[in-house]
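Me: I would like to learn how to read a structure of several chains. Could you take me through one, feature by feature?

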Amino acid sequence: MIFAFLIVGLVFFISYEMFVDSAESRHKFGFDFIFSSNWNPVTEEFGALPFIYGTIISSILALLISLPVSIGVAVFLSEIAPKSVRTPFSFLIEILAAIPSIIYGFWGIFVFAPFMRNTVQPILQSTLGFLPFFKGVIYGTGLLTASFILAIMITPIIAAITRDVLKAIPVSQREAAYALGATRWEAIKMALLNAKSGILGGAVLGLGRAIGETMAVTMVIGNKAQIKASLFEPAYSMASVIANEFSEASGSMHISSLIEVGLILFGVTFVINSLARLLIYSVTRKA
Amino acid sequence: MTGIETISGRPKNLTRRKLVNKIMISLCVVAGIITILPLLYIFFYTTKSGLTSLNLDFFTQLPKPVGEEGGGMANAIVGSLVLIALGSVIGIPVGILAGIYVSEYSGSIISTIVKFTTDVLSGIPSIIIGIFAYGIIVLPMKRFSAIAGGFALGIIMIPTITKITEEMLKLVPQTLREASLALGVSRWKTSLFVVVKTASSGIITGVLLAIARAAGETAPLLFTSFGNSFWQTSIDEPMAALPLQIFAYAISPYDDWHRQAWAGAFVLILLVFVVNLIVRYVTRNKFGTSQ
Amino acid sequence: MSFCFFNERPAIEDINLRIRKNRVTAIIGPSGCGKSTFLRSLNLMHEMTPKSKVIGSIKIHGKDISESNAVDVRKNVGMVFQKPNPFPSMSIYDNVIAGLKLNGNKKNSDLDDIVEKNLKHAGLWEEVKDRLKTPAMSLSGGQQQRLCIARTIAVNPEIILMDEPTSALDPISTAKIEELIYNFKSEYSIIIVTHNMQQAARVSDFTAFLYLGKLIEFSKTRRMFTNPKERLTEEYVTGKFG
């Protein structure tokens, strides 16, 4: 059963390979790489801060948008919907999780970004325009649009895990709540509280997905290495810069820097996924 | 109402609780609808734009040079098939065998580590897998190639296949394993010829799911398989792939190319839909017989 | 054949008995007394349960089985389970030869004969001879259990362990299996676990009574049911508890 070990070896090998291949950039820039926002292939100066910023902000926003909806869907699927609705509905959610990200991106450029530009963003600006987040020129593409697309993409993932975790909570607990005179929502709330570490695990897993998402983000985030307060402004993410620049990178320093961005991305997603799995195991194993 | 009032003595509180109940339950239903809306929108939009652009040329013609109308994605479709075949050579055996290990030897520390690593591997962004394939195949070969792309897709397929193999094997009743062992059949033969054979339809669905996922992957192919506007049959050369072609056409400024990209997107969505439908059907049968 | 067994685990302990060749030995006792655990350790099946261990020795023809490979032991010590468990993905025919095939003996010319011989032996041949290629799951529960018996004897074991082989079956199927057990005596040594005392009285030559993981009494069946030595045994066989 060497093949099983192969997987463990593979993960180590991936991290080793990226560590070695990014040596050039790591030696030259050191920790400045993370804190500098100057990314200039011509002068061979590389700092990854704008990408890290874009990735973190878009992913966290996506999670904030997605989480309440995901929990709602999971509750709907596991507690409210009758079986005749539940089965086709779960199927649709599975499909939503299986659609290739390139299609989300494509749809994002041609349908969703214009919708943001013409409807959502003007409304936000006219009502909440006094906040720095909603100032500036409206492009349609940008940080906010990317966050929404990401939110759509991670909702099925978080919802599926929340649903599984809720299923792992024994029915007897809910019956006990009902027997004490709780309303339906109060019984559900108790189940949710009991499942909270599992739900948190699902959320963290969704966050990991959002951080690593490449194609859809590349197509709608605007691809501009800058840090601006306004969410309407274009931005850039770690995965997108790799996708855009890697195959046409000029010098070895450029490649090495991109691999270092990849290494950071790998490290972050590795930690986040490990955390998420531990949280999820802690709930589902008990049941 | 009056009965409850006398018992609880707090009618207002109860009214409020019932109201909260109604609101929250409705919000959950609304959440369900909100989630499904983009799916339906994407599905119908892609179908509408894709179907009108889909024609025989799409499947039989090569891409036309910039500025000329027409052409198709024949080379990209063939390229995707080649890449998936290459990926399957790596992904299917490793995925299934690891799944067997995790399920049949569950409980041991090693199998827990493997299970955990598999879960973590499934969360690693596919673009990272692309960099990895670039590092160990493209760099030494000094050129982009279908081999590198297939390798990346293979790694991406592994966790999906492992996970489903594991779950399907867990559905096989313990008594069958005992029956085989009691005949003096060794443990690995029992796993391979009795348990896996019994769960084979479930495992095949896992493979299908992994293939559907790999077919839509774009990021790891960007700098491994790279893409190609021409026929390419040798696997140590850059090769076109459907999602790469969709990406290139989608961000181009030409309407005709956008139409073709929608056609490609439609083909991909159809693939995902059909595979998921098959998986549903097969796994439902599985549950039917085991309960 | 001599046979000794010690165990210091809480489940069962201090069981010493000699099982005679070509006889049927029944193991009886109330639920949870360790009958199945005991039986499963005889062909090293307990290894399927994580962290379980046998302390002491189990000898067949004076040779300790823990010294040989579990696979070899199980070829020699067949087992029939509580619930019929034919392989669902195989036909009736393939089920009978499953053990041979998986162990790597497959001279195709002999297989037909082997299938016929063992199905006849298990009293199933007449019922299934026209549909050997149909799935094993199409048989009734009693037929499935006889198929499992045919599958077990096809490997040519010396000893057959039966773990409540009729508890999932109707009375008619049970009678057929009991008849098989009676006929098998000339060829095999059989150890049968049963919760049904009448069954033990009907089919066995020797009976062991287990209670709370301990061997209370072991003697000839007739004696056990007519004139038991121990008070506990008497109470159990006369239905005072259990």
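Predicted model: local features only at pLDDT ≥ 70, side-chain atom pairs only at ≥ 80, totals over all residues.

Me: How do I read a sheet, and what is the strand order of the one in chain C?

Reply: Strands of a sheet pair through backbone hydrogen bonds, either parallel or antiparallel. In chain C, six strands form an open sheet in the order β4-β5-β6-β1-β7-β8, and the pairing is mixed. At the edges are β4 (77-80) and β8 (214-220) of chain C, each of which pairs on one side only. From one strand to the next the twist averages 15 degrees.

Me: Which strand does β1 of chain C join through 4 bridges, and in what sense do they run?

Reply: Strand β1 (residues 24-28) of chain C is joined by 4 bridges to β6 (residues 189-193) of chain C, and the two run parallel. Two positions show how they line up: A26(C) stands opposite I192(C), and I27(C) stands opposite V193(C). β1(C) also pairs with β7(C), again over 4 bridges in the parallel sense. There, I27(C) is opposite A208(C).

Me: Are the residues of β1(C) buried or exposed?

Reply: Burial is judged by counting neighbours: a residue is buried if 20 or more other C-beta atoms lie within 10 Å of its own. For β1(C), 5 of its 5 residues are buried. V24(C), A26(C) and I28(C) point one way from the strand, while T25(C) and I27(C) point the other way.

Me: Which helices lie on this sheet, and at what angles?

Reply: Helix α1 (residues 35-42) of chain C packs on the sheet and touches β1, β4, β5 (159-163), β6 and β7 (206-211) of chain C. The direction of α1(C) makes about 150 degrees with that of β6(C). Helix α6 (residues 141-153) of chain C lies across β4 and β5 of chain C, at about 170 degrees to β4(C).

Me: Why is helix α3 of chain C described as largely enclosed?

Reply: Helix α3 (residues 92-102) of chain C has 8 of its 11 residues buried, so the rest of the structure largely encloses it. Among the buried residues are I92(C), N95(C), V96(C) and L102(C). Just after α3(C), G104(C) has a positive phi of about 95 degrees.

Me: Which elements do the buried residues of α12 in chain A pack against?

Reply: Start with the count. In helix α12 (residues 238-245) of chain A, 6 of the 8 residues are buried, so this helix too is largely enclosed by the rest of the structure. The buried residues are M238(A), A239(A), S240(A), V241(A), I242(A) and A243(A). They pack against α4 (49-80), α10 (196-212), α11 (215-220) and α13 (252-284) of chain A, together with α6 of chain B.

Me: How many helices and strands are there in chain B?

Reply: Chain B has 12 helices and 0 strands. Its C-alpha trace spans about 80 × 60 × 35 Å along the principal axes. The radius of gyration of chain B is 25 Å, whereas a compact globule of 291 residues would have one near 19 Å. Of the 291 residues, 53% count as buried. For contacts in chain B between residues at least 6 apart in sequence, 72% join residues at least 24 apart.

Me: Where is F144(B) found, and what is it in contact with?

Reply: F144(B) sits in the loop between α6 and α7 of chain B. It counts as buried because it has 24 C-beta neighbours inside 10 Å. Leaving aside neighbours within four places in sequence, F144(B) is in contact with V138(B), F223(B), T224(B), S225(B), F226(B) and P238(B).

Me: Which pair of chains shares the most contacts?

Reply: Chains A and B do, of the 2 pairs of chains in contact. Their contact takes 66 residues from chain B and 60 residues from chain A. On the side of chain B that touches chain A, the largest share, 19 residues, comes from α2(B). The residues of that side divide into 49 nonpolar, 12 polar and 5 charged. By contrast, no contact joins chain A and chain C, and their closest C-alpha atoms lie 18 Å apart.

Technical notes. Residues numbered from 1 in each chain as written. Chains lettered and ligands numbered in written order. Pairing = 2+ DSSP bridges. Axes fitted to C-alpha atoms, helices over the stretch in contact; angles between N-to-C directions. Contact = placed C-beta atoms within 7 Å. Rg over C-alpha atoms; globule rule 2.2 N^0.38 Å. Buried ≥ 20, exposed ≤ 12 C-beta atoms within 10 Å, placed from the backbone. Nonpolar A, V, L, I, M, F, W, Y, C, P; charged D, E, K, R; others polar.
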